[in-house]
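Here is a friendly set of questions and answers for a first look at this structure. Keep the view open while you read.

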Amino acid sequence: MHRLLKQYDVNVTIEEVLGKQHWWWDTLKENDGGVLNDVKMREFYSHCYELAKNGHASSSNFVAFSESQESSEDNQKTFIQLFRANQSSYIMDISSTISQPTSLNNLKRKPRVNDSDLFTSDSTINSSNELNQNLHHVGDYPMHHRCHNNSKTITLFVVNPSTHSGLCGMQVLQQLRVMLPSSVQLFCHTKNSSCDISATNVRRLRLDLGFNSGLFGVEQLKVNGVAINVPLVDSYITRFEGNQPGNVTAQTSSTYLDICFQSSSNQALASICHEQINPLKEKTLVNYGPSRSLYSRPFIIVYGTPSNQAIRVAIKDLAVYLGNSHYSAHGTKVKVLSDLEYRAGNYMKAADLANILFIGGPSHNKLLKAIMRNSTNYKINADDNVLQMIATIPTDLQLSSDINSFALSDQVFDRSNHAILFTLPLNRFKPSSLVKNDFQSISTAMAGCIHGNSAAAYHHISRLAWPVVPPMVRSPFANALPDYMVIDQLIWSKGFGGLLSAGYWDCNWRQDPSRSYSNTFS
């Protein structure tokens, strides 16, 4: 990590504490904070806090300008020209020439803001010379310095897109091969306002063309050598509208451009995406995985109530154990409900659809059985305006709703000691809106399912939920688990060496052979 950070010119120091191994609780004296919270680390945290606090407090970290109704277009063009001439390190400050807005002292902004965070003044700047005078350098902490430094290539490196909100207007939404490194490099040429992007292992890339992006003002864009038609300037530059001074509306709805990639022998071919992500059939950032991502949003544990008493007791015991484990690890309070309680409690109609961990497959869990659909075989009634919730089973996974068995691709797991843990998408919508491809109206969440062919199988898979090394307690099923995992009784004696199958779903919720493992000898 030290080598990589130095490679990207990050001010980083490596220090090895003598006599200490991978982890320790006591650095100089008993219970002094250890590896992460001893005196030296606390001093470092305080230093970072002061830097962040000082950065927030400075009014020069804000961008402020306004424009009159008569000169709106001219000021826009002038601003873009000035922006290109001062891209390396700039900020716009109006404190020296015009009065500050009365609400400035009450504003608390983060260093990185969105277009909607721009504000205006009671006065009007309608002169290009005056505008030029207010563009100046403000030292080493300008808001846009990192994204508009044309002397270097900006590199975005991501392994899991769902854990990264992007960099300088570039965000990876999907990968060609999930959970493998993806890189996006941006280099812009100041002279002709053109930019080149090189992307590796990216399936869908979102570009923000707005003010805070490294692509702001770009006129010519190439992605993996393919020329991309950038929208006209007027369609994506932030505009300010309003008859009264201080009445600002930032138009940001059209500042995003999605680029799709198709894999080829040499380099993925790039083109503008013409369709939205279909959350019923594709991974989104909400449910991208792996298994531990289930806990990144509020979640509920829903256990089944099958007729078999032994399985019913085993399922409930596992659900209660998992709920208590979350509270023990991080103080997380989780609702633990039966499938009947969830349906009776109208949890599906909550404003924010919570993630769900199903204990029991469709043959053991009535809720999952009721909402389960195959990704390639369900019909939508255009006249149906009733709110529905669907859990879409990954394409290569076959779950029976009446017998204790399951299959993954061409492997059938029908022994009593077989169990599986897997992720799946959860969506809530009105079918009538889907006929119009109105995917924006869909509430998307993530679900996980633990299914065993017997009471003993549920006990076997609980082994994966055990704490690591007490008192180093982690959330259950949060360590080293991919999107799916199949086990049997060998998990007790061989650990991960006894796995029957494991791997990731691709972005179409299919088994990715290149990212999967199967023990065909079990």
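Predicted model: local features only at pLDDT ≥ 70, side-chain atom pairs only at ≥ 80, totals over all residues.

Q: Is Cys273 buried or exposed?
A: Buried means under 20% relative accessible area, exposed over 50%, and partly exposed in between (1.4 Å probe, protein chains only). Cys273 has 14% relative accessibility, so this residue counts as buried.

Q: Which residue does a disulfide join to Cys273?
A: A disulfide is a pair of cysteine sulfur atoms within 2.5 Å. Here the S to S distance is 1.9 Å, and the partner of Cys273 is Cys260.

Q: Where in the chain do Cys260 and Cys273 lie?
A: Helices (H or I, at least four residues) and strands (E, at least two) are DSSP runs, numbered from the N terminus. The pair links distant parts of the chain, 13 residues apart. Cys260 is in strand S10, and Cys273 is in the loop between S11 and strand S12 (299–303).

Q: Why is the disulfide of Cys260 and Cys273 right-handed?
A: The handedness follows from the torsion about the S-S bond. This disulfide is right-handed because that torsion is about 120 degrees.

Q: How many disulfides does a search of the whole structure find?
A: Besides the link of Cys260 and Cys273, Cys188 and Cys195 form a disulfide with sulfur atoms 2.0 Å apart. That link has 105 degrees about the S-S bond and is right-handed. Cys188 and Cys195 are both buried. The search of the whole structure finds two disulfides.

Q: Which residue in S10 stands opposite Arg204?
A: Strand S7 (residues 204–208) and strand S10 (residues 256–262) pair over five bridges in the antiparallel sense. Asp208 has Tyr256 as its bridge partner in S10. Opposite Arg204 stands Cys260.

Q: What is the bridge partner of Ile259 in S11?
A: S10 and S11 pair over four bridges, in the antiparallel sense. The partner of Ile259 in S11 is Ile272.

Q: Which residues is Thr155 in contact with, leaving aside its neighbours within four places in sequence?
A: Thr155 lies in strand S3 (residues 154–158), and at 19% relative accessibility it counts as buried. Contact means heavy atoms within 4.5 Å. With those neighbours in sequence left aside, Thr155 is in contact with Tyr8, Leu167, Val184 and Gln185.

Q: Why is Cys449 classed as buried?
A: The answer lies in its relative accessible area. Cys449 is buried because that value is 1%.

Q: What is the relative accessible area of Cys507?
A: Cys507 is another residue classed as buried. Its relative accessible area is 3%.

Notes
Residues numbered from 1 in each chain as written. Heavy atoms only, no water. Pairing = 2+ DSSP bridges.
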